[in-house]
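Open the model in your viewer and keep a selection panel at hand. The stops below go from a sheet to a pair of helices.

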Amino acid sequence: MRDKASLSLGSIEGMGRVNGGAVLGGRGGSLSEQLDLLAEMARDFAASRDIEGAMARALARIAAMVGAEGGALFLLDETAENLVCHASFGPVDINGLSVKAGQGIVGRSVAGNCSEMVRDVAADPQFKGALDEKTGFTTKSILCAPMAVQGERIGAIELVNKTSRSPGRSQGGGNGLFADEDLKFLEALAASAGLAILNARLAGELAEQEVMRRELALAAEIQRGLLPPPGADDFPVCGVNRPARVVSGDFYDFFILYDGRIAFTLADVSGKGMNAALLMAKAASLFRCLGKEDLRPGRLLQRINAEVCETSLRGMFVTMVAGTYDPATGRVVLSNAGHEPPLVYAPDGSFRALSAGAPPVGIPPELTGGGPVPEEVLHLNGGALYIFTDGVTEGYVTTGKELSDQGFKDLMVQGLANGEDAATRINRVATLLTSSGQPLRDDVTIMAIDDAGPARRRAEKGETSPPPDDAPPVDVLEGLLCQLNLPGRAQSLVMVRRAVEVAATACGFAKEQTQDIILAVDEACQNVVRHAYGGKGGGDMVIDLRREQGEFQVLIRDFAAPVDVARIKPRELDDVRPGGLGVHFIREVMDRMDYLPPPDGQGNLLRLTKTIRA
Amino acid sequence: MDIAISDQGGLKVVAISGEVDLSTSPKVRDALLDCIFKGAGVVVDLSKVAYIDSSGVASLVEAFQNAKTRKLSFALASVGDTPLRVLKLARLDQVFIIHDTVDSAVAALG
């Protein structure tokens with residue numbers, strides 16, 4: 001942005017050019033007086049943030065210098081259809097008065113970009129005198145000079161009635177009528193004022209642009225904050241995002257679920273501007289929020305679509321991949337809503353593309369028939385999954401040459417051969433695309449899920465790879481069956497028992513097994529009520545009933561101080577006494593009971609598991 | 001959960017119906033101990049108990065122990081499948097005196 005000093009200089013230069021020597025060298029007020037006025041006016045406009053105030057001061061000075069009883073400064077409005085009075089001087093205040101462009105003496109002056117003098121209004125047919133009737137002011141003589149810069153019409157300055165005491169000037173005094181030299185002088189001043197006003201307007205626009213630029217930078221900062229922080233060195237999921245402009249329409253995210261699985265997403269919002277960035281923020285928040293409910297990826301995308309469609313602007317959409325990855329097994333469940341096919345790299349060196357199973361998010365469900373986005377289940381078996389936006393494959397590596405799918409694959413294989421980790425590999429691609437010497441064509445976003453490390457750890461533990469495809473039939477209940485959010489009080493337990501009864505029965509457990517599971521869950525919830533919350537009902541408990549890969553799982557979350565897991569043990573049954581039976585019941589009935597790290601590290605999360613036998 | 005107490009052959013028959021859980025077991029405990037502190041032997045009729053948890057079992061154990069120290073009779077009667085399963089899980093089916101019916105319990109204890 002130009003600074004004030006250069007603006008001020010610019011104005012003075014302009015004046016010199018417009019005025020030439022004709023007027024300033026003319027008769028009347030001293031040259032130095034006139035130069036002083038011009039300089040002062042230019043300074044005022046340049047230094048003041050209040051253009052209106054500067055215009056009023058300029059008009060007052062001009063009127064005083066020329067010697068006028070009153071004056072007004074008119075500017076063309078944005079439509080250029082009206083001339084609006086922005087400053088007035090003298091006995092009548094006409095600020096805000098609007099006249100049709102082209103009408104009256106002012107209009108004629110602006111339209112023709114020529115100055116006007118009506119030495120005696122009584123003799124001019126254009127003079128309506130309507131204002132005089134309203135205000136009681138008697139107009140005798142009018143001077144009007146246009147303000148224009150390089151053909152751009154800005155407005156005009158009008159002066160009325162020559163005063164008898166015009167400082168420094170000798171002509172026309174006495175009869176209230178202007179003389180030719182007054183007009184010449186006004187012409188010069190008006191031209192200068194016009195330039196100053198134009199400059200001040202430009203400066204205002206620049207300042208506005210600067211504010212917008214800063215706001216955009218802030219938006220970008222907030223947007224970067226929506227991306228997940230990188231995980232630890234051996235964390236299997238990583239991502240990179242390089243916006244083509246300040247803000248990005250792409251995003252990726254991942255977080256760890258209660259049982260160690262990692263939920264992930266990568267998405268590309270149509271467009272690259274602020275509207276795309278805002279929709280990106282919305283989609284990203286929806287993923288974070290709904291993703292924590294741990295729906296299956298297909299249902300998650302269905303929910304996000306419903307939310308986006310409810311409020312989204314028409315014509316904008318988001319291509320999105322969402323899924324879960326389990327480092328303990330290498331299993332990935334993935335749904336693709338209209339996105340560039342992710343690539344699965346198998347350790348034998350082959351790649352497989354996972355094409356989209358549904359249209360992008362943002363297409364109203366009534367058009368697509370709704371329903372969950374189809375899911376694909378795969379096992380990485382020590383390989384990797386790469387998800388990226390088309391800004392990657394369509395990005396230029398050299399002038400006019402796109403990276404392409406093959407180029408991306410080659411770089412991944414090459415990086416792997418060089419022993420680079422996944423984060424290094426994808427960052428290398430992003431750097432290659434941003435250093436091609438050309439601006440990015442589109443946002444560049446890549447996420448990698450690298451199963452190599454987890455597979456090594458699984459092998460060390462002697463765990464063999466699971467069967468390649470164990471996707472559940474679509475019509476079987478799977479994932480979260482029911483979630484209860486109840487106060488941690490004894491009175492809540494009956495509701496827990498009813499829900500468990502329905503869910504366990506739905507999973508195919510026989511009556512007696514169902515009774516056992518009810519007892520185990522009830523006992524676990526009792527421990528929350530009695531021990532975690534000390535029987536005072538101080539907080540909530542959240543109970544998830546899930547079916548996961550042939551297991552019935554119950555997750556019980558409380559928000560109390562962490563319990564000392566080592567102290568939780570069943571009592572000796574020979575010791576017949578009240579209490580202490582709960583944990584024994586749970587151990588007896590369920591196949592597994594384990595404490596998991598709670599989300600956000602707050603409270604306790606207990607998981608009870610029982611295998612569903614066919 | 002409801003508790004009905006009747007006198008039969010010099011014993012208190014405490015009939016419990018409904019679900020005995022953390023919110024209702026204190027009432028069961030109070031009713032049983034009240035009978036015992038008044039010096040009566042007790043037969044607990046569990047025929048109408050649809051559910052009992054560890055806190056309910058604990059109430060029975062506490063009453064049983066108090067009866068024992070006072071040399072009073074204490075028996076369970078008409079234990080349905082669901083409560084019996086819980087007693088078995090706690091290995092208490094071998095600790096409590098359990099009769100098939102209230103009548104047989106009263107006849108045996110009275």
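In what order do the strands of the open sheet of five strands run? Select chain A: the order is β7-β18-β15-β12-β13, with antiparallel pairing. Strands (E, at least two residues) and helices (H or I, at least four) are DSSP runs numbered from the N terminus, and two strands pair if DSSP finds at least two bridges between them.

This is a predicted model, in which local features need pLDDT of at least 70 and side-chain atom pairs count only at pLDDT 80 or more, while totals for chains, interfaces and linings use all residues. Residues are numbered from 1 along each chain as its sequence is written, chains are lettered from A and ligands numbered from 1 in the order in which they are written, and side-chain values use heavy atoms, leaving out hydrogens and water.

Next, colour the edge strands of chain A, β7 (237-242) and β13 (351-353), each of which pairs on one side only. Ignoring direction, neighbouring strands of this sheet are turned by 15 degrees against each other on average.

Move to β12 (343-345) and β15 (384-388) of chain A, antiparallel strands joined by three bridges. Pick Tyr345(A): its bridge partner in β15(A) is Ala384(A).

Angles run from 0 to 180 degrees between N-to-C directions, with axes fitted to C-alpha atoms, for helices over the stretch in contact; contact means heavy atoms within 4.5 Å.

Finally, select α15 (511-532) and α16 (582-589) of chain A, which pack at about 145 degrees with axes 9 Å apart. Residues making the contact include Ile517(A) and Leu519(A) of α15(A) and Phe585(A) and Ile586(A) of α16(A).
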